[in-house]
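Welcome, and thanks for taking a look at this model. The report below walks through helix packing, cores and a few individual residues.

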Amino acid sequence: MRAVVVTELSGPDGMTVQEVPEPQAEGAVLIDVRASGVCFPDLLISYGKYQIRPEPPFVPGAEVAGVVVSAPPDCGLEPGRRVLAVSHVGGYAERVAVPPAQVLPIPDSLTFEAAASLIVNYQTMEFALQRRAQLRSGETVVVLGAAGGVGTSTIQLAKAHGARVIAVVRRDGAGDFLRELGADEVVQLREGWGEHVRALTGGVGAQVVVDPVGGDAFDEAVRVLAPEGRLLVIGFAGGAIPEVKLNRVLFRNISIVGAAWGEFLRTEPAALAEVHAALLGHIERGLTPLVKSRYPLADAAEALRDLETGRVLGKAVLVQEREQ
C-alpha cells in the first residue's frame, strides 16, 4: 500500500511517498482510509517535537475516516462500517490499524472529509468549551487565531452552545469568511485589539477567551477577561510559552484553564465517546464541519508546509482517490 513516510525528523521536507507493508491488525480495527486530517500534531511529530516521538521511518497521521476492513469480533465494528479514528500515527496511508477504543462510527450523512476534520480540533474544542470552561448560553467568547483549524471549530461550537463570538485574527482579508462561519464580530490582531474587544463588550470583557496561540497576545488576552472569566489555554502555536503573575488571577477573580484533550483521554478514555456523541448532536442540529483545503495523499508534505506557514484557512484534509 502507499503511505507517506517520515524518513528524518526535518519536518515536511523529511517525508516521502513509499510502498509499505499493510499494518498488522491483530486485535485492532483495520480501516481503509478515505480521508486523513492535517493537524499540528502531525507537523510537530514530523520534527520530533510532539509528546509522541517515534523514530524514523514511520507514517504520521493522527486523524482518519474510512471504512472498516476487519475488526475484533467483540468490538461492534463490522466490516463495511463507516468510521472515524484517532490514529495518533499511521493515518497518512491507504490503510491503518487502530485500537477499537479509538474508533467511532459515523452516520451516512457525514462525509469522510468532514469526519476526518472532527477529530483533533472539534473534539478538543467541545471538551474545552463544555467541560473545561463550562460555557453557558449568552456568554461572550473571544477566539484568538480565529482563522485556523482550532479557531474556526471554536467559532462554530461556541455558537452551537449559544455564545456570542468575537473572532480575533492576524491575517488580513479573513473577516467575511469568519462572519459567514458565525462570528458576531471580527477584530484584527494589531495594537489596540484588546481595547476594541473591551469596547465591543461594553467595557465588561469576555467570559471566555480561547488562546491556541500564546506568545505576545497572551497578556492582553488575560486583560480582556471579565470578572470570573476563563482563559482557555489550548496550545502555543505562536512558539513562546507565556507566564502569568498569579496576583492578577487572584485580584481579578479570573481562571486560567488548561485544555489538553489528548492527555485527558489517557486517564479518562470514556470521554472520547461522550464528546463524539455531543459533536454528532451538534451536526444533527445544523453544524457542518469545515473543510477548506483538500490535497491528494501524495501532497501531504505540501499540506503540512501550508499549515506551518499559515496558508490554510480552517481545516485541511488529505483525500484518497477511491470510491466513497
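## Ground rules

Axes here are lines fitted to C-alpha atoms, for helices over the stretch in contact, and angles run from 0 to 180 degrees between N-to-C directions. Helices (H or I, at least four residues) and strands (E, at least two) are DSSP runs, numbered from the N terminus.

This is a predicted model, in which local features need pLDDT of at least 70 and side-chain atom pairs count only at pLDDT 80 or more, while totals for chains, interfaces and linings use all residues. Residues are numbered from 1 along each chain as its sequence is written, and side-chain values use heavy atoms, with hydrogens and water left out.

## Helix α2 against α3

Two packed helices are described by the angle between their axes and the distance between the axes. For helix α2 (residues 112-132) and helix α3 (residues 149-160), the axes come within 9 Å and cross at roughly 50°. The pair α2 and α3 is therefore oblique; angles under 35 degrees count as roughly parallel, over 145 as roughly antiparallel, 65 to 115 as roughly perpendicular and the rest as oblique. The crossing of α2 and α3 is right-handed, a term used if the near helix is turned clockwise from the far one, whereas left-handed applies if the near helix is turned anticlockwise by less than a right angle.

On the α2 side, the contact (heavy atoms within 4.5 Å) uses N121, Y122, M125, E126 and L129, which meet G149, V150, S153, T154, Q156, L157 and A158 in α3. Sorted by type, the residues of this α2 and α3 contact are six nonpolar, five polar and one charged. Here Ala, Val, Leu, Ile, Met, Phe, Trp, Tyr, Cys and Pro count as nonpolar, Asp, Glu, Lys and Arg as charged, and the others, Gly among them, as polar.

## Helix α2 against α9

Helix α2 also packs with helix α9 (residues 271-284): the two axes come within 10 Å and cross at roughly 95°. Helices α2 and α9 are therefore roughly perpendicular to each other. From α2, the contact draws on L118, Y122, Q123, E126, F127 and R131, and from α9 on L272, E274, V275, A278, L279, H282 and I283. The residues of the contact of α2 with α9 comprise eight nonpolar, two polar and three charged.

## Two nonpolar cores

In soluble globular proteins, nonpolar side chains tend to be buried together. A nonpolar core is a set of buried Ala, Val, Leu, Ile, Met, Phe, Trp, Tyr and Cys residues joined through side-chain atoms within 4.5 Å. Buried means under 20% relative accessible area, exposed over 50%, and partly exposed in between (1.4 Å probe, protein chains only).

Which residues touch the most other members of the largest nonpolar core? Among its 58 residues, they are I155, L178 and L232. Helix α2 gives the most to this core, with 12 residues. Leaving aside neighbours within four places in sequence, L232 is in contact with A128, L129, R132, A133, V208, V209, V210, D211, V257 and A259. A second, separate core has 25 residues, including V5, V6, Y295 and L318.

## Buried spots and their contacts

G151 is found in helix α3 and, at 1% relative accessibility, counts as buried. Not counting residues up to four places away in sequence, G151 touches V143, G145 and A146.

V291 sits in the loop between α9 and β14 (293-296), and it counts as buried at 12% relative accessibility. Beyond its neighbours within four places in sequence, V291 is in contact with E113, A114, S117, K315 and V317.

## Backbone details to check

What is the geometry of the peptide bond from P56 to P57? This bond is cis, with omega near 0°, and P57 lies in the loop between α1 (40-46) and β4 (63-70).

H88, in the loop between β5 (82-86) and β6 (95-98), has a phi near 65° and is partly exposed, with a relative accessible area of 38%. Q134 has a positive phi of about 50° although it is not a glycine; Q134 lies in the loop between α2 and β8 (140-143) and counts as exposed at 52% relative accessibility.
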